[in-house]
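Here is a set of questions about how labels follow from values. Each answer sets a value against its cut-off.

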Amino acid sequence: MGRKDSVWSLGEGQAPEDLDKTVDTPPLSSLLIERPQGGSITVGGDISFVAKVEAQDLLRKPTIKWFKGKWMDLASKTGKHLQLKETFDRRTKIHTFEMHIIKAKDNYAGNYRCEVTYKDKFDSCSFDLEVKGFVDIRSAFKRRFLLNRQEPKQDETPEVDVWEILKSARPDQYEKIAFEYGITDLRGLLKRLKKTKKEEKKSEAFSKKLDPAYQVDKGGKIRLVVDLTDPTVELKWYKNGQEIRPTPKFIFEQKGTQRILVINNCGLNDDAAYSVAAGEEKCTTELFVKELPVKITKEIEAVKTTVNERIELECEVSEEGAQVKWCKNGVEVPTGPRSRYRVKSDGLKHWLIIDDASKEDTGTFSLMASGGTSEAKVQVELKPLKIIQDLQDMTVLLGQPLKMHCEIFPGNVPGRWYRNGQLIQSNDRINILQRAKNHRLEIVNSTIHDAGDYTFVPEGYSQSLCAKIHIVDPPRVHLESLNFPDNTVTIVAGNKLRVEIPISGEPAPRVILDSGHRVRAETFPDHTSLTIDIAEKEDTGNYKIVLQNEAGEAGACVKVKVVDIPDPPEVPLVTEVGGDWCSMTWEPPIYDGGSPILGYFIERKKKQSSRWMRLNFDLNKETTFEPKKMIEGVPYEVRVFAVNAIGVSKPSEPSKAFVPLAVTSEPTMLVVDDVTDTTVTMKWRPPDTIGAAGLDGYLVEYCIEGSKKHSIDMPLVTNKELTEKTKYTITGLPPEAKILVRVRAINAAGASTPRTLQHSILVKEVIEPPKIRIPRHLKQTYTRKVGEAVNLVIPFMGKPRPKVSWLKEGQTVDPTQVTIRNTDCDSIIFIRKAERKHSGKYDMKVEVENHVDTAIVDIQIVDLPGPPQCVKIDEVWGGNVALDWTPPKDNGNAAITGYTIQKADKKTMEWYTCIEHYHRTCITITELVVGNEYYFRIYSENMVGLSEGATQTKDSALIIKEGMQLKNPEYIDHDFKEPPKFTQPLINTFAIAGYNATLNCSVRANPRPKVIWMKNKIAIIDDPRYRMFSNQGVCTLEIRKPSPYDGGMYSCKAINDLGDALVECKLEVKGQFGL
């Protein structure tokens, strides 16, 4: 048992009840090829234990544990006194596990165990460590026991009851007590002690029980006595549970209540547990038989002989069948079936026989009995050695078998083989054979380590046989151990390259390296190295290595691949540009850096900016890309980065600046304007969306229906140069052919989607009756001031080209006064400087063959009116003056809209306006200053303005103080009733879908008219999408969030008792954003 204060002791001792328990251990398998061996050291010394495991068939490293005693795992005890180490030899594929004990202490002694596990395999090995200076209880007890047998001191030692001492002692003192009193069976003693320590109940059958234990000498007599409470009770005696029957050896006696068992001639087989049963009660005791010492009666005689002779050592003891032990030099002699030693006994005599003596048998042999020891020296000498065949020097190829042979006399002399002074042991590869005088050393597969000086030393002789073995191995380059694919070493440019290439060969080969001047080569016994301090792209290539030695020559090639970031890609090319996008392409970099291109990063920037913006964060695998979300009309540049496994290249050169431009939307409202026998005239409206690129013009295309050469997908272009007009005539067409026409809008971004006429056009002139389309503003009197230009365009329709004529008041228009120009679709009246004589009604007549259409245009040239006539003072009263006058003789060819009356004090003659825009021809001027004398003048006014001159009263009006009688004039009520008349017509309107639209007009009528709104001649009544307002004659129709279906002709009709009036307009609703 270890002590509690030890550094890594076994811990507390086992409880007595656990001593018989077995430990479950997995089945053993042969994992250990070298097991740790026991050893001994002095206190403070160092020692190592080595275990080796072959990993040839193991996929991973096995698990090893070191224990002291049964359970103490030493992995948790490592420190300055205990170290665990493990290594692995890749060449031999052997795991080596070592346990080093440093500066051992006395409590480090004991039994150790090494356990190795791998999956379901298990192997274990136990070994002992002896620390000198530490007393082992068991060995000391044995020595003490033998000393007690040799020198018995029974008379001097008083009798001691060991059981009483053990009962009162602590468990940790059991071994000390056993050692002191010569107890050999400590384990059995503890078992029995455990039973005796149970609490004894008071017996009803026994008044006195057996003692716990009895002791008797071998051959002696012992009495076991019990007292019964009831003498009539039947009594039975048992030995180890078996009932004892009366025999000469076992005698039953009784004295009163005492019952006695007498055991005669006690032998060792009587050492047992005895019990007595009285009824159902039982008491138990232990009987210990003490063996008497065996004495030596005849000593061993010394022997001197030679090798291979028979040796018999004889000794006689005092007792037959006594147990004795033969020892050599204090160590017990093995006497198993395979041992060289045989033991024989006959009565009191004992022999030790050695049939074939060897020199190792020289020593001191002894026979040890319990009562003494006898010793004798045996000396075995050798016979003279004679060498019949000496060892020969050899040269062997690596891997070939090596066989060495020699013959010596005498033939039965064993020997030892040494290599370079190291003892050679037999194993799976090395066989050491001896047959009589022949000694052979055979190595199955020779290795480099097998080379050296071999020596055979016959055992017991100073002579030896020597030979020199030289192992040669052709040189080899072990590139496969580098695990480089295709023997290619990859290095990033700028880094240091050092490649260590394993080589082999015996003797060490000379290395010749075919490399550039930048590569530095170094050679070592087991490898050669290639070093490039700073790798560059030019270092890529094949490097040849040549090995030479006396066994041959070998070569290998190592490929060095220097990888780097790729070169920049070529300048990107922008192939297509859209409104906010473009399409770009580029060529991969010329040099990919030695590593495949993984993808590309693309950046863009505004031309005037210096900040680049990354467009993709995931690598683009292709060499094309479409940047998006650019601002139309702003110039941009793009560049590209190439990416490989090493990193990102430098950017490419920026592309040429480009401007994102979008093509326009398709032209709108494509219609046929005119058709003749050889021409077709088309007209259209500009696109709704034009964009930043503007509009350069239009391209008109057509194809003849049914033509095999051309189709609507491959049309003919009519205008080689773009036309900026929204009207174009296609000429040179075959008569009565059918054509399909489409128009494209062209700008810097390209051609728009074509607008195609849905139906084909027949190239044939059709007679169309004439029709004059009088503009809305000319349906009423067209008014202009004198001196202004008159330019009226009156469109008309008709085919073929109509004949146009003009008349004024039934007379032919004087071309010197009015210029008339006629075209195919309209007629223009132009007067450069209008005069009042140009006023009148002009009759327009349009003729196409027998078809006629006419229209009247009323032109009114107005001028300033003349002054009023006959301005006079009718009456003066109080501060009031009544004036009267007549309208001017010349109204300027326009109705008089009002008069302006001014007054002037006679004293100053400064004129002040009394009232403006006065409609009547009489007025009363009030609030005149009493005592002043006034003159009055009046200006007439029409739509052109005030008359150039004014008519002044001839007389003055004096405001006097006297009162006067006012004569109230009689007035006739004016009739203000008039039929409805629209003073502001409706105007053609464009609206956007989804946004409210309003139509406005103004009407004048008395009484107030009823206003009705209509769409396409249908009255709008109780429709929630429309709201109608009328305020002070202003009529409003609000259309809530119109859609394209709300477009059409809208009209407003005003009705009262005097008549009605109607105005119309066209509403066109476009989609959102002009679509």
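Q: Which residues form one aromatic cluster?
A: In this predicted model, Phe49, Trp66, Tyr112 and Phe127 form one aromatic cluster.

Q: How many aromatic pairs does a search of the whole structure find?
A: The search finds twelve aromatic pairs.

Q: What makes tyrosine 112 and phenylalanine 127 a stacked pair?
A: Their ring centres are 5.9 Å apart. The limit for a pair is 6.5 Å. The planes of tyrosine 112 and phenylalanine 127 make an angle of 10°. Planes under 30 degrees apart count as stacked, so the label follows.

Q: Which parts does the pair of tyrosine 112 and phenylalanine 127 tie together?
A: Tyrosine 112 belongs to strand β8 and phenylalanine 127 to strand β9, so the pair links parts that are 15 residues apart in sequence. Both tyrosine 112 and phenylalanine 127 are buried.

Q: Why is the pair of tyrosine 341 and phenylalanine 365 called tilted?
A: The ring centres lie 6.3 Å apart, and the planes stand at 55°. Stacked needs under 30 degrees and edge-to-face needs over 60.

Q: Where do tyrosine 341 and phenylalanine 365 lie?
A: Tyrosine 341 is in strand β24 (residues 341-346). Phenylalanine 365 is in strand β26 (residues 363-369). The pair therefore ties together parts that are 24 residues apart in sequence. Both tyrosine 341 and phenylalanine 365 are buried.

Q: What sits over the ring of tyrosine 341?
A: The charged end of arginine 340 does, at 5.7 Å from the ring centre. The distance limit is 6 Å.

Q: Which residue lies over the face of phenylalanine 601?
A: Arginine 614 lies there, 4.2 Å from the ring centre. That distance, too, is set against a limit of 6 Å.

Q: Which residues have the most contacts inside the largest nonpolar core?
A: They are Phe49, Trp66, Met99, Ile101, Tyr112 and Leu129. The core has 28 residues. Two or more residues each come from β3 (47-54), β4 (63-68), β7 (94-101), β8 (110-118) and β9 (121-132). A second, separate core has 23 residues, including Leu210, Phe250, Cys283 and Val289.

Q: What does phenylalanine 49 touch?
A: Leaving out residues up to four places away in sequence, its contacts include Trp66, Phe97, Met99, Ile101, Phe127 and Leu129. Pro36, Gln37, Gly38 and Gly39 are also among them.

Q: Why are cysteine 315 and cysteine 406 called buried?
A: The relative accessible area of cysteine 315 is 0%. Cysteine 406 is also at 0% relative accessibility. Buried means under 20%, so the label applies to both.

Q: How many disulfides does the count come to?
A: The count comes to zero disulfides. A disulfide would need two cysteine sulfur atoms within 2.5 Å.

Q: Why do β47 and β49 count as edges of their sheet?
A: Three strands form an open, antiparallel sheet in the order β47-β46-β49. β47 (613-614) and β49 (636-643) each have a single partner strand, so one side of each lacks a neighbour in the sheet.

Q: How do you know that β46 pairs with β47 and with β49?
A: Pairing needs at least two bridges. Strand β46 (residues 599-606) has two bridges to β47 and eight to β49. Both pairings therefore qualify. Towards β47, glutamate 603 stands opposite arginine 614, and arginine 604 faces methionine 613. Towards β49, tyrosine 600 stands opposite alanine 642. A hairpin joins β46 to β47 through six residues.

Q: What makes β46 mostly covered?
A: Seven of its eight residues are buried.

Q: How many bridges does β66 form with β62 and with β67?
A: Six bridges link strand β62 (residues 803-808) and strand β66 (residues 840-848) in the antiparallel sense. Nine antiparallel bridges link β66 and strand β67 (residues 851-862). The pairing cut-off is at least two bridges, so both pairs pass. Leucine 807 stands opposite aspartate 843 in β66. Lysine 841 has aspartate 858 in β67 as its bridge partner.

Q: Which turn residue between β66 and β67 has a positive phi?
A: Glutamate 849 does, with a phi of about 50°. β66 and β67 form a hairpin with two residues between them.

Notes: Residues numbered from 1 in each chain as written. Predicted model: local features only at pLDDT ≥ 70, side-chain atom pairs only at ≥ 80, totals over all residues. Heavy atoms only, no water. Buried < 20%, exposed > 50% of the residue type's maximum accessible area, 1.4 Å probe, protein only. Helix = DSSP H or I, 4+ residues; strand = E, 2+ residues; numbered from the N terminus. Core = buried A, V, L, I, M, F, W, Y, C linked by side-chain atoms within 4.5 Å. Contact = heavy atoms within 4.5 Å. Phe/Tyr/Trp six-rings, centres within 6.5 Å; stacked < 30°, edge-to-face > 60°. Lys NZ or Arg CZ within 6 Å of the ring centre and 35° of its normal.
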